[in-house]
Amino acid sequence: MAKPDTAYITSGVTSQGDTAQAALSANTTDMNKLIDVLKGAGIDPNDIQTSGFSVNPNYVYSDQKDANGYQLPPKIVGYTVTNSVTVHVRDLGILGTMLDKEVSVGANTINGINFAVEDPSALYAQARKAAFADAKDKAELYAEAAAVQLGAIQQINEQQGYTQPPQPYMVKAMAATADRSAPVPVEAGQLTFTINVHVNWDIGGAQ
C-alpha cells in the first residue's frame, strides 16, 4: 500500500455556437484561459497535453414528411466544439485549488482524476520479496505435509499490477454549488501494488 504522489487529470471546455466558427472562437478563448490557469498554478508546460478535440453539428429531428411520405432529414441548428487537455499534476497539494480555478475560467468538462506513484519500483521490489517469501513458506509446508524434500527451483514467473480506488468526478454544474471560499476537496487515498509469483520446485526424496 502507498499514498499516491502524482495525479493525471483530463479537463477541458465544451462550447456551442450558431456556426462552427463561432463555437470554435468561444472555445479557443476559454481554453486559453484554462491553459493560462494551469501554468499559473505551477504546472510545467511539458505536463500539459491536448488529448481531445472535436467539432460536431447539433441536429434537430422532425416528424414531418415530404410529399412522397419520407421523413424529412434533420436540420443543423448549431455546432459544439470540445477541447480537452490531460495534465500531469506532480504536487498534489495544489490539486483542489487548481480544480476550483479551472472551473472559474470556463472549464466545464473534468473527466476524472487518476492517482499514481511516480516511481513504484521500490514498492514492487517489496512486493516481490513478500510474494516469494509467501510462496516459499507454502512450498515448505506442503513438502513437510507430504514428507518430501524441496529440491532446486526450476522456474519463477510473476505478474504485476496495482489497484486504484474509485475516483471522484466533477463537472461545472456541481462545482457551482460549492463554497467558493474553499478549494475543491480531494482525497488521494492509497494505492495497492501487487505481485503474483508462481514458483516451481523439484521434489526430492522422502524426508
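**Note on the predicted model**

1. N27 is buried, its relative accessible area being 1%. This residue sits in helix α1. The coordinates discussed here come from a predicted model. Setting aside neighbours within four places in sequence, N27 has contacts with V13, T14 and S15, and also with V81, T82 and N83.

2. For orientation, here is the overall layout. The protein chain contains four helices and six strands. Followed along the sequence, these elements come in the order β-α-β-β-α-β-α-β-α-β. The chain has 207 residues, of which 29% count as buried. Among contacts with a separation of 6 or more, 83% are between residues 24 or more positions apart.

3. Which residues bring helices α1 and α2 into contact? On the α1 side they are L34, V37 and L38, and on the α2 side M98, K101 and E102. By class, this contact has four nonpolar residues, two charged residues and no polar ones.

4. The geometry of this pair can be stated briefly. Helix α1 covers residues 20–40 and helix α2 covers residues 95–104; their axes come within 9 Å and cross at roughly 160 degrees. Because an angle over 145 degrees counts as roughly antiparallel, α1 is described as roughly antiparallel to α2. The crossing of the two helices is right-handed.

5. The buried residues are L95, G96, M98, L99, D100, E102 and V103. After α2 comes G106, which has a positive phi near 115 degrees.

6. V85 belongs to strand β3, residues 75–89. With a relative accessible area of 2%, V85 is buried. Not counting residues up to four places away in sequence, V85 touches I9, T10 and S11, then M31 and L38, and then I48, Q49, T50 and S51.

7. I110 is placed in strand β4, which runs over residues 109–116. Its relative accessibility is 5%, so I110 counts as buried. From V85 to I110 the C-alpha distance is 9.7 Å, although 25 residues separate them in sequence. I110 and V13 are 97 residues apart in sequence, and their C-alpha atoms are 8.7 Å apart. V13 was named above as a contact of N27.

8. Burial in α3 takes in Y124, A127, A131, A135, A139 and A143. An α-helix has 3.6 residues a turn, so residues three or four places apart point the same way.

9. A147 is a residue other than glycine. Most residues other than glycine have a negative phi. A147 is located in the loop between α3 and β5, the latter being residues 148–163. At a relative accessible area of 39%, A147 is partly exposed.

10. Q155 lies in strand β5. Is Q155 buried, partly exposed or exposed? It counts as partly exposed, at 39% relative accessibility. Leaving out residues up to four places away in sequence, Q155 touches H198, V199 and N200. Q155 and D202 are 47 residues apart in sequence, with a C-alpha to C-alpha distance of 9.7 Å.

Notes
Residues are numbered from 1 along each chain as its sequence is written. This is a predicted model: local features need pLDDT of at least 70, side-chain atom pairs count only at pLDDT 80 or more; totals for chains, interfaces and linings use all residues. Side-chain values use heavy atoms; hydrogens and water are left out. Buried means under 20% relative accessible area, exposed over 50%, partly exposed in between (1.4 Å probe, protein chains only). Axes are lines fitted to C-alpha atoms, for helices over the stretch in contact, and angles run from 0 to 180 degrees between N-to-C directions. Angles under 35 degrees count as roughly parallel, over 145 as roughly antiparallel, 65 to 115 as roughly perpendicular and the rest as oblique. A crossing is left-handed if the near helix is turned anticlockwise from the far one by less than a right angle, and right-handed if clockwise. Contact means heavy atoms within 4.5 Å. Ala, Val, Leu, Ile, Met, Phe, Trp, Tyr, Cys and Pro count as nonpolar, Asp, Glu, Lys and Arg as charged, and the others, Gly among them, as polar.
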